[in-house]
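Here are some notes to read with the model open beside you.

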Amino acid sequence: MPAKHKEVKAVILTADRFEDMELFFPLFRLMEEGIHVDIAGPRVGEVHGENGYGLHIEKTFDDINPDDYALLILPGGAPDGAPSTVRNSAKARSIAKAFMDANKPVAAICHGPYTLISAGLVKGRKATSFWGDGVPEELRKAGAHYEDSVVVVDGNLVTSRYPMDLPDFMRETMKMLKRAQAK
C-alpha cells in the first residue's frame with residue numbers, strides 16, 4: 001500500500017490594509033501547486049487591501065500552530081496598516097520565530113519584514129524590503145545586511161521589495177519550499 005501523501009500547508013499572516021498583489025499573487029501561486037493556504041489575522045472577519053480587494057479571514061493568529069505548516073508568508077501593505085498590525089501581535093511574532101527556529105521557509109515582501117524585525121529574527125541575515133518608509137534602516141538597525149535587490153535568499157528566508165518583484169519572489173519561495181519538502 002502506498003504511503004499517504006501529507007498535505008502541504010502554508011499560512012499567510014495579514015490584517016486590514018494589506019498590499020493586494022502581495023497577498024493574492026502568492027495565494028494563487030500556492031493554490032496552483034495544490035498547497036492548502038490558510039490566511040490568519042488578529043481576528044476573524046473581513047479585511048481589505050490598499051487597492052480595494054477584500055477577503056474573509058477564517059483563522060486568528062491564535063488558531064495557528066506553526067508545526068502544521070511548511071511555509072510562512074508575510075505580505076506588505078500600508079506601513080501603518082497590515083504590516084504594523086501583524087508586527088505588533090505577540091502571537092504573530094511567535095509564529096515567525098517558530099518558523100525561523102525550525103528552519104522552515106519564511107517569505108516576506110515589502111513591509112512584511114516588520115514582523116521579523118520586531119521578533120528579533122534578522123540579525124546577521126541578508127534581506128531586502130521596500131526601499132522607503134524607513135524599512136531598510138530598521139533592517140540595518142536590527143542587524144540585517146540590507147541589499148536593494150529584486151529578491152534576496154538567505155538560508156530559509158526569502159525577501160523582496162514590492163509587487164513588481166513578485167515573480168522572482170515566488171520563484172525563489174517555491175524552489176525553497178520544494179527543497180524543504182524533499183528533505
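1. R17 sits in the loop that joins β1 to α1. The model is a predicted one, and in it the phi of R17 is near 70°, a positive value in a residue other than glycine. Most residues other than glycine have a negative phi. With a relative accessible area of 37%, R17 counts as partly exposed, because that class runs between the 20% limit for buried and the 50% limit for exposed.

2. D133 is not a glycine, yet its phi is positive, at about 60°. Its relative accessible area is 48%, so D133 is partly exposed.

3. A further positive phi follows a helix: N103 comes after α3, and its phi is near 60°. Helix α3 itself covers residues 90–101, which makes 12 residues. From its first C-alpha to its last, α3 reaches 16 Å, close to the 16 Å expected at 1.5 Å a residue.

4. Which residues of α3 are buried? They are A92, I95, A96, F99 and M100. These residues cover an arc of only 135° around the axis, and therefore lie on the same side of α3.

5. Helix α6 gets the same check of length. Its 17 residues should span 24 Å at 1.5 Å a residue, and its end C-alpha atoms are 24 Å apart, which agrees. The buried residues of α6 are L166, F169, M170, E172, T173, M174, M176 and L177. Among the elements that cover them are α1, β6, β7, β10 (151–154) and β11 (157–160).

6. Next, the nonpolar cores. The largest one has 29 residues, and those with the most contacts inside it are L23, L30, I35 and L55. Two or more residues of this core come from each of β1 (9–13), α1 (20–32), β2 (36–41), β4 (54–57), β6 (71–74), β7 (106–109) and α6 (166–182). Which element gives the most to this core? That is α6, with 6 residues.

7. L23 shows how residues from separate parts of the chain meet. Leaving aside neighbours within four places in sequence, L23 is in contact with I12, T14, F18, I39, L55 and P75.

8. The structure holds 5 aromatic pairs. One of them joins F18 and F24: the ring centres are 6.0 Å apart and the planes stand at 65°, so the pair is edge-to-face. The cut-off that matters here is an angle over 60 degrees. Both F18 and F24 are buried. Together with F28 and Y53, F18 and F24 form one aromatic cluster.

9. Where is V47 placed? V47 belongs to strand β3 (residues 45–48). It is buried, with a relative accessible area of 7%. V47 and F18 are 29 residues apart along the chain, while their C-alpha atoms are separated by 8.3 Å. Not counting residues up to four places away in sequence, V47 touches A15, D16, F18, Y53, G54, L55 and I57. F18 and Y53 in that list are also members of the aromatic cluster.

10. V122 is a buried residue in a loop. Its place is between α4 and β8 (126–127), and its relative accessible area is 1%. Not counting residues up to four places away in sequence, V122 touches L116, I117, L139, A142, G143 and A144. V122 and M31 are 91 residues apart in sequence, and 28 Å lies between their C-alpha atoms.

11. Last, two charged side chains are placed over rings. R87 lies over the face of Y114, at 4.1 Å from the ring centre. K104 lies over the face of F99, at 5.3 Å from the ring centre. F99 is also one of the buried residues of α3.

Key. Residues numbered from 1 in each chain as written. Predicted model: local features only at pLDDT ≥ 70, side-chain atom pairs only at ≥ 80, totals over all residues. Heavy atoms only, no water. Phe/Tyr/Trp six-rings, centres within 6.5 Å; stacked < 30°, edge-to-face > 60°. Buried < 20%, exposed > 50% of the residue type's maximum accessible area, 1.4 Å probe, protein only. Lys NZ or Arg CZ within 6 Å of the ring centre and 35° of its normal. Core = buried A, V, L, I, M, F, W, Y, C linked by side-chain atoms within 4.5 Å. Helix = DSSP H or I, 4+ residues; strand = E, 2+ residues; numbered from the N terminus. Contact = heavy atoms within 4.5 Å. Expected span 1.5 Å × (residues − 1). Arc of directions from axis to C-beta.
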